[in-house]
Amino acid sequence: LLKENPTPSEAEVRAHLEGNLCRCTGYHNIVKAVLAASGQDVSGIAAE
C-alpha cells in the first residue's frame, strides 16, 4: 500500500486490509502502525 500511496488515509488502510486478517480487533493497532510508518500523526485515531 505504501509503495502505491505513501500517505494513505485511515479509510484507505482499512480498505486495503479488508479480508486479509482477523476483524476481531478491527485492525486498530495495524492501522496506526501503517499510518505511523507513512509519517502521519496517529494521536487522533481512537480505538473503535
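This is a predicted model: local features need pLDDT of at least 70, side-chain atom pairs count only at pLDDT 80 or more; totals for chains, interfaces and linings use all residues.
Helix α1 spans residues 10–17, and its buried residues are Val13, Arg14 and Leu17. These residues lie on the same side of α1, because they cover an arc of only 95° around the axis. An α-helix has 3.6 residues a turn, so residues three or four places apart point the same way. Ala11 and Ala15, on the other side of α1, are exposed. The cover over the buried residues of α1 includes helix α2, residues 28–37. After α1 comes Gly19, which has a positive phi, near 85°.

In helix α2, the buried residues are His28, Val31, Val34 and Leu35. An arc of only 135° around the axis holds these four, which means that they are placed on the same side of α2. Asn29 and Ala37 are exposed on the other side of α2. The buried residues of α2 pack against α1. Gly39 follows α2, and its phi is also positive, near 85°.

In soluble globular proteins, nonpolar side chains tend to be buried together. In the present model, the largest nonpolar core has seven residues in all, namely Val13, Leu17, Tyr27, Val31, Val34, Leu35 and Ile45. Both α1 and α2 give two or more residues to this core. The largest share, three residues, is that of α2. With residues up to four places away in sequence not counted, Val13 touches Leu1, Pro8, Val31, Val34 and Leu35. Among these contacts of Val13, Val31, Val34 and Leu35 are also buried residues of α2.

Charged side chains were considered next. Side chains of opposite charge can pair when their charged atoms come close. The structure holds one salt bridge, in which the side chains of Arg14 and Glu10 meet at 3.2 Å, N to O. Both Arg14 and Glu10 belong to helix α1, where they are four residues apart, about one turn of the helix. Arg14 has a relative accessible area of 15% and is therefore buried, the limit being under 20%. Glu10 has a relative accessibility of 26% and so counts as partly exposed. The salt bridge thus joins the side chain of Arg14 to that of Glu10, with Arg14 buried and Glu10 partly exposed.

Note on methods. Residues are numbered from 1 along each chain as its sequence is written. Side-chain values use heavy atoms; hydrogens and water are left out. Buried means under 20% relative accessible area, exposed over 50%, partly exposed in between (1.4 Å probe, protein chains only). The arc is that of the directions from the helix axis to the C-beta atoms. Contact means heavy atoms within 4.5 Å. A nonpolar core is a set of buried Ala, Val, Leu, Ile, Met, Phe, Trp, Tyr and Cys residues joined through side-chain atoms within 4.5 Å. A salt bridge is a side-chain nitrogen of Lys or Arg within 4 Å of a carboxyl oxygen of Asp or Glu.
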